[in-house]
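Q: Please take a close look at one part of this model: the nonpolar core and the strands around it. Walk me through what packs there and how the pieces pair.

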Amino acid sequence: MKRRPWKPSVLFLIENSRRNETKQLFLGISFLLLGGLLYPLETDIKVAESENGTLVSLFLIDSPEHLVMDSLYKGTRSEIQFQIRFYRIKKGISGIFMDTLLEEIILIQEARMEEYNDQFIITHAGETRAYTREEDLLDSFMKLTDFPVPAEYLGVGIYILARIKLCTIKLLPPLTILNLFLPETRITTPWTRYALWEETGSEP
């Protein structure tokens, strides 16, 4: 007895089409939400000694400068956050779970363009700086230089975790809801660690 070839019914085709559409929609949303997280950027930490003590500088490796400039020329703002955490290593069994967080510092810079005088403006901690050249703006905006480390955090067993958050297009309320659909405008680097004891930064 020969089997008749199976032919899908109309209802089956409709249901299967709906499942495929749902799967494609899920994959599309996942791609959008993860797009900003997968941007290959890293934070570089430099530590130097000076007459004023120990200074920390943060740099964004392979920074997407063109995205920042596109945003400014379109009349929107860009924001960058420098996050620094100071930790003390816990020894013994308690250190298995988590080291002690001593302090977290977040420094924010905002950039915008003033078309009426062809100037770029950076705002930081209530202060403003003006630039006329793109190169000077980006050199000042995309990095944090010479941040003084508190003397009490220079002891043995204390280290830094640092990362940078870049928002190439900063939206103001109520438009902030649109950030959900613009993940590529928000970039966060992984945490980078640097030991503060000894100039070599070696483990204690």
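A: Two strands count as paired if DSSP finds at least two bridges between them. The model is predicted. Its protein chain has a mean pLDDT of 76, and 66% of the residues reach 70 or more.

Start with a hairpin. Strands β5 and β6 (residues 127–131) run antiparallel and are joined by 5 bridges. Within this pair, Phe120 has Tyr131 of β6 as its bridge partner. There are 2 residues between the two strands of the hairpin. Ala125 sits in that turn, with a positive phi of about 55°.

Phe120 and Tyr131 both meet Leu137. Beyond four places in sequence, Leu137 is also in contact with Met69, Leu72, Ala111 and Ile122.

The largest nonpolar core has 33 residues. Leu58, Phe86, Leu137, Phe141 and Ile160 touch the most other members. Several elements supply at least two residues each, among them α2 (65–73), β4 (100–114), β5 (119–124) and α3 (134–141). The top contributor is β8, with 5 residues. As a general rule, nonpolar side chains in soluble globular proteins tend to be buried together.

Two of these contributors, β2 and β7, also belong to an open sheet of 3 strands, in the order β1-β2-β7. Pairing in this sheet is antiparallel. Strands β1 (42–50) and β7 are at the edges, each with a single partner strand, so one side of each has no neighbour in the sheet. From one strand to the next, the twist averages 20°. The β2–β7 pairing spans 4 bridges. Here Leu55 stands opposite Pro148 of β7.

Now a polar residue. Gln83 lies in β3. Its relative accessible area is 4%, so Gln83 is buried, the cut-off being under 20%. Two polar contacts involve its side chain. One reaches the side chain of Glu104 at 3.2 Å. The other reaches the side chain of Arg163 at 2.8 Å. Leu58 is one of the core residues that touch the most other members.

Finally, a caution. pLDDT stays under 50 over residues 175–181, where the model has 7 contacts beyond four places in sequence. It also stays under 50 over residues 199–204, with 11 such contacts. Where pLDDT is low, predicted coordinates should not be read in detail.

Terms used:
Residues are numbered from 1 along each chain as its sequence is written. This is a predicted model: local features need pLDDT of at least 70, side-chain atom pairs count only at pLDDT 80 or more; totals for chains, interfaces and linings use all residues. Side-chain values use heavy atoms; hydrogens and water are left out. A nonpolar core is a set of buried Ala, Val, Leu, Ile, Met, Phe, Trp, Tyr and Cys residues joined through side-chain atoms within 4.5 Å. Buried means under 20% relative accessible area, exposed over 50%, partly exposed in between (1.4 Å probe, protein chains only). Contact means heavy atoms within 4.5 Å. Axes are lines fitted to C-alpha atoms, for helices over the stretch in contact, and angles run from 0 to 180 degrees between N-to-C directions. pLDDT is the predictor's confidence in each residue, from 0 to 100. A polar contact is a pair of N or O atoms within 3.5 Å; within protein, one must be able to donate a hydrogen and the other to accept it, and residues adjacent in sequence count only if both atoms are side-chain atoms.
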